[in-house]
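Biologist: I'd like to learn how to read a protein model, one feature at a time. Can you walk me through this one?

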Amino acid sequence: MSGGRDSRRPDAAGRPSRGPSSAQRRRPGTNARRGGTRPPRPPQGRPGAGRGGPRPGERPGVRVPLRPTLRRGEPGRRIKAGLVLLVALLLLFTGRLVQIQGIESATYAAEAADLRLQRIEIPTTRGEITDVNGNPFAVSVETRTVFVDPMEVDEDQRDDVVDELAQRFDLDPEEVAVKVDATPTRYQVVARNVTPEEARELGELELAGVNDQIGYRRVYPDDSGVANLVGFVGADGHGLEGLEGSLDDTLAGQPGRQHIELGAGGTQIPMAGGLEREPVPGTDVRLTLDRDIQWQAQEALQDRVEELNAAGGSVIVMRPTGEILAMANAPTFDPNAVEDSEAEDRRNGAVADAFEPGSTNKVITAAAVLEEGLGTPDTVYSVPESLDRHDRTFRDATPHGYERLTMSGIIALSSNVGTVLMAEQVGADGLYDYLGRFGFGKPTGLDLPGENAGIVAPPDEWWGTQLATISFGQGISVNAVQAASVYATIANDGVRAEPHIVAGTVGEDGELDEGSDATQERVISEESAADLRLMLEAVTGEHGTAQQAQIPGYRVAGKTGTAQNVNPETGTYEGGGYTSTFVGFAPADDPELVVQVVLHDAESDYHGGEAAGPVFSDVMSFALKSEQVPPADEEMESLRLFEE
């Protein structure tokens, strides 16, 4: 049978063919069972979605590729995912909130406060420096500090603020602009030491963000002549040089401290409980100086320096008991305009300049001879024209033949040769001992900035001729206060009182607290001191080297000094100039005042008597009258200077 199972034919591979499939056997549109056609089955589902039916608009029998369909997710899963994300965000915000308001609240609060709060110092008055009578040498006057709060400056006024501040206070507009634009700070100082009147005029302009606060400025009365001693303060109100520097802890006081809030326009709003510390005023310091004597010493010194075209100099006026009444210096400066001065002008040469004392040192050699019982004022010495010692020949300033001079004559005529003979009696160890007793090579005790204590080498370092040279003031160095102290000791009956310049401090009740007394030490006996006073009085007498120092009506004692200066370029005395000195006291019979005059490198009249003597006479005359010291009742005693 053609349609039976046995009728299957093998395929090309030899396998029996299975025959046509049911789909192949059954053609579309036919009914296999009935042998005829049947109508097509209507499509299932939506129109055109059936497997065999055409879509709308399609031609029958043409197959069109189906478009991929999207499967929508389940709504429940989307909602759950959104909730998880929302919870995560809420947890993040909550954690940050806890961090800011809980864990780091103090830090953020402080940062916020810094934007509107400022800690400022409440200025206090610096203590006054006055003379012994309360006359001011340094005072504090009220000023204003102008500042700007950049956060309060109106943008519309910004250029006006910069221009106004720059023009009013003579400032660079660019520098002012930097302060006006500074952030995040709210306090930028524009100008200090503004007068209250200038600050008031600025306030009337009502510039937002511009304000001022009270302060104080240091002022030094004109022509006091004490600038090199008193010194000055810096922009921060603290002392930089002189007594202002060394006494800063006493004078400065302690500024207060306060928290303030800066309101609109930079207005300072004090906070309740914002005061951290009350300001403590500085303490007034009273000096031993006398303003009038100080002024006269400064004027006399300055005039003489200019007259002789000297490099500079100093004048010391002191009592035998150590109180310094004047300390003048040249060159000097104006402490109210420090910026116009040089460092050399501001030095306190009275303690900072060390020099060889020259012949003024001969009194120490004589004191050693007297105190050791090796001679008296009438002891006669054979003084030749010259004296050879080691590799050097010594002569006196004035040529002379062989002379027989007493010790008084050696001092009065300032004989170098005679002084060497006296020193050889004492020896190196003995002379060194007395130099130390009189205060050479040691600090003065004034505790002033820049003090130079000088140089006095020990005897085991002396060589060849140094015993001889040191006996008349070469080979050692001292400052003016040290040299003056030697003569104050002689005037004080042989007792050395430590020099001092501070009388004490003044309390709020106006009472003077003198503090501790100056140390005193006996150096030589009263008898030796009395002999030296008579010998020094002869220096200003008829045959002495300092007749220019005489003061009518008063008995004056003193000593001249002319010392060569070492040339720093060569290390020798050649071309080194001279230091001219005169130091003495009056009245000679009952000393009240000591005056020391030093002139450096005078171009003419450099000998001590000619150069420094007139300044001594001028200053001593004024000081004696100012102190109301009566003239002498008796004439100067006559001393034997020569053997005949």
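**Reading the model, feature by feature**

Modeller: Let's start with two residues facing each other: Val146 stands opposite Ala191 in β6. Keep in mind as we go that this is a predicted model.

Biologist: Okay, and how do the strands β5 and β6 pair, and over how many bridges?

Modeller: Strand β5 (residues 136–148) pairs with β6 in the antiparallel sense, and there are four bridges. As for cover, five of the seven residues of β6 are buried, so we call β6 mostly covered, with buried meaning under 20% relative accessible area.

Biologist: What should I look for in a strand's side chains?

Modeller: Here's the general idea: side chains in a regular strand alternate between the two faces of the sheet. Now take strand β13 (residues 312–318), where seven of the seven residues are buried.

Biologist: Which residues of β13 are on one side and which on the other?

Modeller: On one side you have Gly312, Ser314, Ile316 and Met318, and on the other Gly313, Val315 and Val317. They are all buried, so both faces of β13 are covered.

Biologist: Which strands does β13 pair with?

Modeller: One is strand β25 (residues 593–600), antiparallel to β13 over seven bridges. In that pairing, Met318 stands opposite Val594 in β25. Another is β14, which also runs antiparallel to β13 and is joined to it by six bridges. There, look for Ser314 opposite Asn329 in β14.

Biologist: How many residues lie between β13 and β14 in their hairpin?

Modeller: Five, and in that turn Gly322 has a positive phi of about 100°.

Biologist: Is His390 buried or exposed?

Modeller: His390 counts as exposed, because its relative accessibility is 65% and the cut-off is over 50%. Asn309 has a relative accessible area of 44%, so it is partly exposed.

Biologist: Let's do helices. At what angle do the axes of α4 and α5 cross?

Modeller: Helix α4 (residues 158–168) and helix α5 (residues 173–180) have axes that cross at roughly 130° and come within 9 Å. That makes α4 oblique to α5. The crossing of these two helices, α4 and α5, is right-handed.

Biologist: How many residues of helix α13 are buried?

Modeller: Nine of the ten residues of helix α13 (residues 362–371) are buried, so the rest of the structure largely encloses it. Among those buried residues are Lys362, Ile364 and Leu370. After α13 comes Gly373, with a positive phi near 70°.

Biologist: Last topic: aromatic rings. How do I describe a pair?

Modeller: You give the distance of the ring centres and the angle of the planes. In this model the count comes to five aromatic pairs. The rings of Phe232 and Phe333 have centres 6.1 Å apart and planes at 80°, so this pair is edge-to-face. Phe232 lies in strand β8 (residues 232–233) and Phe333 in the loop between β14 (324–330) and α11 (343–346), so the pair ties together parts 101 residues apart in sequence. Phe232 and Phe333 are both buried.

Biologist: What about Phe394 and Phe472: how are their rings placed?

Modeller: Their centres are 5.9 Å apart and their planes at 75°, so Phe394 and Phe472 are edge-to-face. Phe394 is in strand β17 (residues 392–395) and Phe472 in the loop between α16 (466–471) and α17 (480–491), 78 residues apart. Both Phe394 and Phe472 are buried.

Biologist: Where does the charged end of Arg437 sit?

Modeller: Over the ring of Tyr434, 4.3 Å from its centre.

Notes: Residues numbered from 1 in each chain as written. Heavy atoms only, no water. Phe/Tyr/Trp six-rings, centres within 6.5 Å; stacked < 30°, edge-to-face > 60°. Buried < 20%, exposed > 50% of the residue type's maximum accessible area, 1.4 Å probe, protein only. Lys NZ or Arg CZ within 6 Å of the ring centre and 35° of its normal. Pairing = 2+ DSSP bridges. Axes fitted to C-alpha atoms, helices over the stretch in contact; angles between N-to-C directions. Parallel < 35°, antiparallel > 145°, perpendicular 65-115°, else oblique. Left-handed = near helix turned anticlockwise from the far one by under 90°.
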